Amino acid sequence: MKRRLLLIAAAIVPLSAAAIAPMAADAVTSTGAGIPRASTCEVFTVSAPPGATVEEVTATANPGGTVTFPANPVLGTPDPVTGVPAFCDITVKLTHPGAGDHVTVKVSLPSDKADWSGRLQAVGGSAYLAGNLNGNETVTAVKNGYVATVTDAGVGQNPLDTSWALQPEGKELLTDFASRSLHDMTVVAKDVTKRFYGKPVTYSYWNGCSTGGRQGYAEAQRYPDDYDGILANAPAINWDRFAVGTLWPAVVFHEEKVAPSACEIAAFNDAAVKACDTIDGVKDGIIDDPQDCTWNPRKLVGTTVVCDGKTLTITKAEADAIRKIWAGPVSPSGKRLWYGPNKGADIASYLANPAQPFFVADLWTKFFVTGDPAFDTKSLTYGAYAELFAASQRRFHRVIGTDDPDLRAFRDAGGKLLTWQGQNDQLVPTQGTVDYRERVERRLGGNAKVNDFYRLFLLPGVDHCQGGTGPQAVDPLNALVTWVEKGRAPATLATATAGGVTRNACPFPRVARYAGHGDVTKAANFRCA
C-alpha cells in the first residue's frame with residue numbers, strides 16, 4: 001500500500017569478532033575510540049538494541065551520482081535518483097534470543113560529513129512490507145542531507161507475502177512487524193551514525209505513508225523518545241479493525257447477491273460527486289468534505305450506463321450494496337464496527353472488486369485471523385463476518401492495533417506529529433484516522449491542546465498516499481522540519497496540482513472554503529473555516 005501499491009535500557013551486546021564481515025576495499029583506518037572518519041566505509045562494532053543480539057555487520061561503499069535500482073515485480077522499478085553524494089550503506093542483522101527471527105536494518109550515510117545535515121530520516125513500508133531495502137526513499141533522503149534508515153522487520157521484501165505468519169516464529173515476526181523492529185532500527189541507526197561521524201544525530205524524523213504511516217504512529221505511541229518529528233500519512237492505524245473492516249465490500253456483495261462492474265460502481269461515484277461538488281461553493285469535480293454529502297445511491301436506480309459496449313440498468317440491489325459499503329461494516333444487530341470509504345473515492349479497483357477482495361484484508365483474514373490460506377473470504381455471511389471482526393480485535397489489538405490515544409509521553413518529549421490523508425483515500429478509510437484524532441483530543445484536553453504537537457490535514461480529492469483529482473501535498477516533510485527546528489507550526493499545508501491549482505489544506509477540523517471572489521484556482525482566495 002505504498003503509492004497505491006501496484007499503482008504500516010537493557011544490556012548492550014557488542015558485535016563479536018567472529019561475526020565481522022571483511023572490510024570494504026576502500027576502507028581506511030579508524031580514528032579515535034574506534035570511530036572511523038566520516039569519509040570511510042568499513043565494518044565496525046555496532047551496539048545491539050535492548051533485548052537483541054547483532055548477528056552480522058557489513059559495509060558497502062557507493063560512489064553516488066545517478067543511482068538506479070533493481071526491478072520489483074510488485075512495487076515496480078523505482079525511479080533513478082540523480083545528484084546523489086557518495087554514501088555508505090551499513091547493514092546490520094539482528095535477532096532476539098528465543099524468537100527465531102532475523103531482522104535486517106540498513107543505514108545509509110553520506111560519506112563526506114560535509115554532506116550531512118545532522119538529521120536522521122527513517123522511512124516506512126507498505127502493506128506487509130516493513131521497509132524496502134532496495135528502494136529509492138533512502139537514497140533520496142541521503143541526497144537531501146539525511147542519514148537514512150530502513151528495516152525489513154525480518155518478514156522479507158514482498159508486501160503481498162504473509163506466509164511468515166504461519167511459521168513457528170510467526171508470532172514473534174508479527175511483533176517485529178508491528179513495532180519492535182522499528183525501535184531496534186532507530187537505536188541501531190543512531191548508534192551507527194554516532195560511530196561513523198563521531199557525533200550524534202541532531203534531529204531525527206520518521207517519514208512514511210499507509211503501513212509507513214501506521215509505523216510512525218506506533219513510534220509515537222510506544223517509543224515517544226525515538227523521533228523529534230513524525231510524518232505519518234494515510235496511516236493504517238486501528239489495524240486489527242481496518243484490516244478486517246476493508247473486507248466488508250466482499251461480504252456485502254455476497255449477502256446482497258450482486259457483483260457490479262467497475263463501470264457501474266464508477267457511475268455511483270460520479271453521481272455522488274456531481275451531487276455534492278458545489279457544497280464548498282466551488283465547482284471543481286471534488287467533494288470537499290465527504291461527510292457533508294448525503295446523496296443516496298437509490299437515486300440512480302433505473303438509470304442506464306454503457307459499460308464495455310453494453311447498456312446496463314442500475315438495480316436497487318446494487319444501489320443498496322453501494323450504500324452499505326459507504327456506510328461501513330455493521331454487526332447483524334446494526335452496531336457500527338468500522339468506517340467505510342468516503343463518497344468520491346475510487347473503490348472499484350481494490351476495495352470493492354467482486355472478483356477479488358482487497359488484498360490486505362484477504363491476507364490478514366487468511367494468514368492471521370483464521371490461519372487458513374484456503375479460507376474463502378468471498379462467501380462470508382454478515383454473522384460470520386462480525387465474528388471474524390471480533391476475533392481480530394480480541395487476538396491482535398494489543399500487538400498491532402496502533403490506536404493508543406495517550407500521546408502525553410510523545411508530547412512531553414517535545415515530539416511533533418504531522419499527518420495528511422486524502423479525502424478520496426480508496427484503501428484506508430479517512431474517518432478511521434479522524435476517529436483516532438478525536439480520541440486523542442478527548443484524552444488530552446481538546447483540539448487546541450492537541451494541535452500544539454499533532455496536526456491532521458485532510459486533502460480533498462486526493463487518493464491513498466498520492467494521486468487523485470485534488471491538489472497534492474507540497475513538501476510536508478519540510479513543514480515538519482520547520483515545526484520541529486524553528487517552532488513554527490504549519491497553520492496550513494501547501495497543496496498543488498500539476499495544472500497549477502493551489503489550495504492550502506487546513507488543520508482538522510477546519511476546512512478551506514472559497515471566499516466567494518477571485519480566482520478559484522488560487523489558495524489566496526480560500527479561508528480556513
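## A tour of rings, helices and loops

Counted by ring centres, this predicted model holds 26 aromatic pairs. Rings of Phe, Tyr and Trp (its six-membered ring) pair if their centres lie within 6.5 Å, and planes under 30 degrees apart count as stacked, over 60 as edge-to-face and the rest as tilted. Residues are numbered from 1 along each chain as its sequence is written. Local features need pLDDT of at least 70 and side-chain atom pairs count only at pLDDT 80 or more, while totals for chains, interfaces and linings use all residues; side-chain values use heavy atoms, with hydrogens and water left out.

**Stop 1: a tyrosine pair**

Select Tyr436 and Tyr454. Their ring centres are 6.4 Å apart and their planes are at 50°, so the pair is tilted. Tyr436 belongs to helix α11 (residues 430–444) and Tyr454 to strand β13 (residues 454–459), so the pair ties together parts that are 18 residues apart in sequence. Helices (H or I, at least four residues) and strands (E, at least two) are DSSP runs, numbered from the N terminus. Both Tyr436 and Tyr454 are buried, where buried means under 20% relative accessible area, exposed over 50% and partly exposed in between (1.4 Å probe, protein chains only).

**Stop 2**

Next, select Tyr128, Trp164, Phe177, Trp239, Phe242, Trp364, Phe368 and Phe396, which ring pairs link into a cluster.

Then colour helix α8 (residues 359–369). How many residues of α8 are buried? Eleven of the eleven are, so α8 is largely enclosed by the rest of the structure. Its buried residues pack against α2 (170–197), α4 and α9. After α8 comes Gly371, with a positive phi near 65°.

Bring in helix α9 (residues 382–400), which packs on α8 at an angle of about 80° with the axes 11 Å apart. The axes are lines fitted to C-alpha atoms, for helices over the stretch in contact, and angles run from 0 to 180 degrees between N-to-C directions. The two helices are therefore roughly perpendicular; angles under 35 degrees count as roughly parallel, over 145 as roughly antiparallel, 65 to 115 as roughly perpendicular and the rest as oblique.

To see the contact (heavy atoms within 4.5 Å), show Trp364, Thr365, Phe368 and Val369 in α8, which meet Leu388, Ala391, Ser392, Arg395, Phe396 and Ile400 in α9.

**Stop 3: loops to zoom in on**

Go to Asn238, in the loop between β9 (229–233) and α4. Asn238 is buried, with a relative accessible area of 1%, and has a positive phi of about 55° although it is not a glycine. Leaving out residues up to four places away in sequence, Asn238 touches Trp338, Gly401, Thr402, Asp403 and Gly432.

Thr246 sits in the loop between α4 (239–245) and α5 (248–256) and is buried at 4% relative accessible area. Beyond its neighbours within four places in sequence, Thr246 contacts Leu351, Phe358, Ala361, Leu427 and Pro429.

Is Lys257 buried or exposed? Lys257 is exposed, with a relative accessible area of 71%. Look for Lys257 in the loop between α5 and α6 (262–276); its phi is also positive, near 55°.

Finish at Pro509, in the loop between β15 (495–496) and β16 (512–514). The peptide bond from Phe508 to Pro509 is cis, with omega near 10°.
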